[in-house]
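I opened a new page for this structure.

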Amino acid sequence: MALYARIAGIPEPSVFHTNEGHAGFLGLERIRALIGEGLSFGEALEVVRAGTVFTTHTPVPAGIDRFEAPLVERYVRAGLLPGVDPADVLALGAEDYEGGTPDTFNMAVMGLRLAQRANGVSRLHGDVSRHMFGALWPGFDADDVPITSITNGVHAATWTDPQVRGLASSKLGTDDATACDWTSSAVTDAELWSLRRRLRGQLVDDARRRMTAAWAEQNPGAAAPAWYRELLDPEVLTIGFARRVPTYKRLTLMLHDPQRLRALLTDPERPVQLVVAGKSHPADDGGKRLIQLLVEFSQDPEVRGRIVFLPDYDIGMAQKLYPGCDVWLNNPLRPLEACGTSGMKAALNGSLNLSILDGWWAEFHADGLGWAIPSADTAGDAAERDALEAAAMYDLIEHQIAPRFYDRGADGVPSAWVADIRHTLAALSPALSAERMVREYVERLYLPAGASERAVTADGFAPARALADWVARVRTGWSEVHVAHVESGGVDASPHVGEELHVRALVELGDLTPDDVSVELVHGRPRAGEELGETAAVPLALESHELGRPAVYTGAVRFARAGAFGYTVRIVPRHPLLASDAELGLVAVAQ
Ligand SMILES: *Cc1c(COP(=O)(O)O)cnc(C)c1O
């Protein structure tokens, strides 16, 4: 990395952001370099962790790199990491936790162990990730697992059509379309609608051109059929969908009830047209078969021209596709879409979203910002779920979306639809732009990681050495740590607002000292099972610690609201260089 910085002429970085497990080897190389400077593996690990942020990107198991441990061992033994004990490397990726597979090297697990700070890419995905990786922090509730979330954003300058920026610039005084007041009457409904019609027209032209070119490529020397010139209609409600990766996106959910789809496409009063873009991996036969199904459907003379499949989905196509669609459809299997970005790019151009409440849409959907397809998470099986979700999608298109789109005033403008466009542009564009995302990464992860990195590397790594010693001592001594006894008073099972719960806990610390731990009162709402929800942790104060006797801790919590509550007392390691209570995965909870 030092070499890279020198070649690139930039200052040596102090914070490293590893996106998904593939980037994890970066941490190993840095450990190797630090060992070369005289640190032990444990000390080097603390330095690397302090300055590393890990982002997990998918809850789909196939998206996570896992190797047989002996394969990884072969390479680390071959001298790739001089001075590093292969056993230490293998331990970083080991699935040595409940539910893990022996002799497996998991790159995401290594990524998490090499980073002091970690995140998922939408609020829902953060929650899913805390459950998915929770076994790495045994004994902690999912809410305490130290994986936060920063919702993805998209690069507005790339993904906002020049015509949208042009309108912002001429009427709203800025060509930053994510930072202007789209609800202002300085842009009229007629102007916005005319913009949307131009964008749709541009997509229709682009689709005809691509389809004709694809036909020519497959049928050299022959002219494309005449109806290719009339594919799609620039005045018809246009729904877009695209899919690059397999299965969970459900490319063919729209074909679930072909009769119903046919009726929507050919409705004499309120027709709908579908533009589908896709790309299948050459080795993905399942994906190719789904595309084949769509292509066959789209060639049925009754519907042809109202549904097109555009092959070779890429960025150039996407830049016309998202702005040109009135509605952007996304129907993943919740919660497998970590964030999803195509719908964000559509929203930046005033396209309205129709999506399963997954990824970013789960946190941003609201009235007037498009439509949520309810997930049938509790359906009996996958087939029933597809049937229910497809039916809900057809219903929304038929009863809400098409009527709103075709409800025109005397001037031909659908004013309710345009109000939704304004609302989408004004409310969503700033929040979905990469600028917001980058600011969050800087403020919530990079700056704290930079501070941690400076703290552990000060004085020739003295704090890193002390931290590594402390971690080793706490891990060794932890089996002796437990909560021996808890007494409480002051409230009954259902406290009133303002009442105080008083707690006194006796704890055994073995060879550790009160300086090594935090004893906490954790309270919250009882949930199903043993878990507490909406928890808060209040540190208890050390009252006494006599040699040979349990330490005594006391404290109180004042209830800000009435109703059932639950609480427990727990002991966690405490050190100023830890970023969270759960960091070491060590906890002792009152039985
Ligand atoms: C945005 C984009 C994607 C990713 O879309 P998701 O909704 O995040 O799956 C894939 N391919 C292209 C060409 C894109 O522009």
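My entries on these topics follow.

**Ground rules.** I am reading a predicted model, where local features need pLDDT of at least 70, side-chain atom pairs count only at pLDDT 80 or more, and totals for chains, interfaces and linings use all residues. Residues are numbered from 1 along each chain as its sequence is written, and side-chain values use heavy atoms, with hydrogens and water left out.

**Helices 11 and 16.** I looked up helix 11 (residues 258-265) and helix 16 (residues 382-406): their axes come within 11 Å and cross at roughly 15°. Helices here are DSSP runs (H or I, at least four residues), numbered from the N terminus. Axes are lines fitted to C-alpha atoms over the stretch in contact, and angles run from 0 to 180 degrees between N-to-C directions. R260, L261 and L264 in helix 11 meet residues of helix 16, including A391 and Y394 (contact means heavy atoms within 4.5 Å).

**Helices 16 and 17.** Next I checked helix 17 (residues 415-432), which packs on helix 16 at about 105°, with the axes 6 Å apart. Helix 16 and helix 17 are therefore roughly perpendicular to each other. I401, R404 and F405 in helix 16 meet A416, W417 and D420 in helix 17.

**Q319.** I found Q319 in helix 13 (residues 315-324). Q319 counts as partly exposed, at 31% relative accessibility (buried is under 20%, exposed over 50%, partly exposed in between, with a 1.4 Å probe and protein chains only). Leaving aside neighbours within four places in sequence, Q319 is in contact with T158, W159 and D161. A polar atom of the Q319 side chain lies 3.1 Å from the backbone oxygen of T158.

Technical notes. Helices (H or I, at least four residues) and strands (E, at least two) are DSSP runs, numbered from the N terminus. Angles under 35 degrees count as roughly parallel, over 145 as roughly antiparallel, 65 to 115 as roughly perpendicular and the rest as oblique. A polar contact is a pair of N or O atoms within 3.5 Å; within protein, one must be able to donate a hydrogen and the other to accept it, and residues adjacent in sequence count only if both atoms are side-chain atoms.
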